[in-house]
Amino acid sequence: MRFHGFGIFKHRLNPCSQKRHARQLSTQAHALSKWISKTPGSILFVKKPNDNLVAAAFNDVASYIKTTYPQTLLFHESESKLPDGVLSWSSSEKRDKPIDLIVTLGGDGTILHASSLFKTGPIPPVLSFSMGTLGFLLPFNIDTFPRALDEVFSGNGTILERMRIACTFHRQDGSEIEGRGELGTGWQVMNEVTLHRGRSPHLNVIDAYVDGQHLTEAMSDGLILSTPTGSTAYSLSSGGPIVHPSVNALLLTPICPRSLSFRSLVLPGSSRVTLKVSRASRAPAEVSMDGQEARILQPGQFISVEASPHPVPCIKRSADLFTSRVDVEKKRTVMGERGLGDDWVRDINTLLQFNASFKNKHLATEGL
């Protein structure tokens, strides 16, 4: 079955899942289990720039693919120096040079950048290797790249689809303002869209609507609308909840609201959320998307946000490739056995130190 235009996914549904699917036709496809069923014919590399270790890893991975899978075409965003056999590529060439697989080398920002390269349509599966600072979105250690690639090429790579949100800008009369994407297509964002006061000393006044119904007038430093993937980013720092990436939901989180009763909300993933700069606002609102400045909305203008039909298909680490980023993770047990399931559960414990107790500094220095 073709999926998202790339033709490399199949659905694996047991009878119970089929019944559940029939009851949830309005939910996103990321709730289904998928795996790669076709050998990638072309690979796009997205890597952290200006890093010698990443550059060396790029050469090693590209060399391995050329030697082991010589029929595979390799691409990288245009730059002056590319390894032999790697061709230049740009997002404007998506039709002429279709991509079957994206390999990222670096931190979480490399996945966000890969998503931005396909911001107006479907995105190929993403195989991510951790070579950054945190790596919450990166399930594979770079040392395991031969085994990880072999799993993908053998058709055993499993997929976790991470929601993206599609955003369009509008004038006061409702007509659409062109953003970075084409009119009518929406700018797709993986983490969050943020309306904030930017350089202004004044608070923003933003009216929030859910499916056309007025929710609240927010007087604050700004509002964050995030995906479950983005729940561990800016939204979390602003007091929002941690949401599992397979949950079909949107998160609305205020930034330093004037009201003490304004708390983060978890909305259905099918919701259409509108954030409008109130005409009573003393300042415009700057709009940031996945950390990139998008535009400035003047009073009366608004942004409309809804779940994108094109999530990011991220390749998950299998039980056979259980490789930690820190030694202690290898020793973690679940009911007496090593955890074989969810990268997310491991990561919120090992990377975010979820519910970790404070330890007495004196006892820590004594090794107790």
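Helices (H or I, at least four residues) and strands (E, at least two) are DSSP runs, numbered from the N terminus. With that rule, the tour can start.

This is a predicted model, in which local features need pLDDT of at least 70, side-chain atom pairs count only at pLDDT 80 or more, and totals for chains, interfaces and linings use all residues. Residues are numbered from 1 along each chain as its sequence is written, and side-chain values use heavy atoms, with hydrogens and water left out.

Take the whole chain to begin with. The protein chain has 8 helices and 25 strands. It holds 368 residues, and 49% of them count as buried. Buried means under 20% relative accessible area, exposed means over 50%, and partly exposed lies in between (1.4 Å probe, protein chains only). The chain exposes about 18100 Å², with carbon and sulfur atoms supplying 51% of that area. Such areas come from the Shrake-Rupley method with a 1.4 Å probe; for residues, only the protein chains shown count as cover.

Next, contacts. A contact means heavy atoms within 4.5 Å. Take the contacts between residues at least 6 apart in sequence: 68% of these join residues at least 24 apart.

How many disulfides does the structure hold? The count is 0. A disulfide is a pair of cysteine sulfur atoms within 2.5 Å. C167 has a relative accessible area of 2%, so it is buried. C314 is buried because its relative accessible area is 9%.

Now follow some strands. Strands of a sheet pair through backbone hydrogen bonds, either parallel or antiparallel. Here, two strands pair if DSSP finds at least two bridges between them. Strand β3 (residues 42-47) pairs with strand β4 (residues 73-77) in the parallel sense, over 4 bridges. In this pair, I43 stands opposite L74 of β4. β4 also pairs with strand β5 (residues 86-89), again in the parallel sense and over 4 bridges. There, H76 stands opposite S88 of β5.

Together, β3, helix α2 (residues 52-68) and β4 make a right-handed β-α-β unit.

Is K47 buried or exposed? K47 counts as buried because its relative accessibility is 17%. Leaving out residues up to four places away in sequence, K47 touches V54, F58, H76, E79, L105 and T110. The C-alpha atoms of K47 and F129 are separated by 9.6 Å, although these residues are 82 apart along the chain.

T110 leads on to helix α3, where it is one of the buried residues. Helix α3 (residues 108-117) is mostly covered, with 8 of its 10 residues buried. Among them are D108, I111, L112 and A114. Helix α4 (residues 145-153) has buried residues as well, including F145, L149 and F153. Just after α4, G155 takes a positive phi of about 85°.

Further along comes an open sheet of 6 strands. Its order is β18-β17-β16-β13-β20-β21, with antiparallel pairing. The edge strands, which pair on one side only, are β18 (265-268) and β21 (292-297). From one strand to the next, the twist averages 20°. Inside the order, 5 bridges join β13 (residues 192-196) to β16 (residues 222-226), and these strands run antiparallel. H196 stands opposite G222 of β16.

Q292 counts as partly exposed because its relative accessibility is 29%. Q292 and V193 are 99 residues apart along the chain, yet their C-alpha atoms are separated by 9.4 Å.

Last, two loops. Most residues other than glycine have a negative phi, and most peptide bonds are trans. D211 has a positive phi, near 55°. D211 sits in the loop between β14 (204-210) and β15 (213-220). With 52% relative accessibility, D211 counts as exposed. Where does D290 lie? D290 is in the loop between β20 (285-289) and β21. Its phi is positive too, near 50°. D290 counts as buried because its relative accessibility is 15%.

Methods: Axes fitted to C-alpha atoms, helices over the stretch in contact; angles between N-to-C directions. Right-handed = clockwise from strand over helix to strand, strands pointing away.
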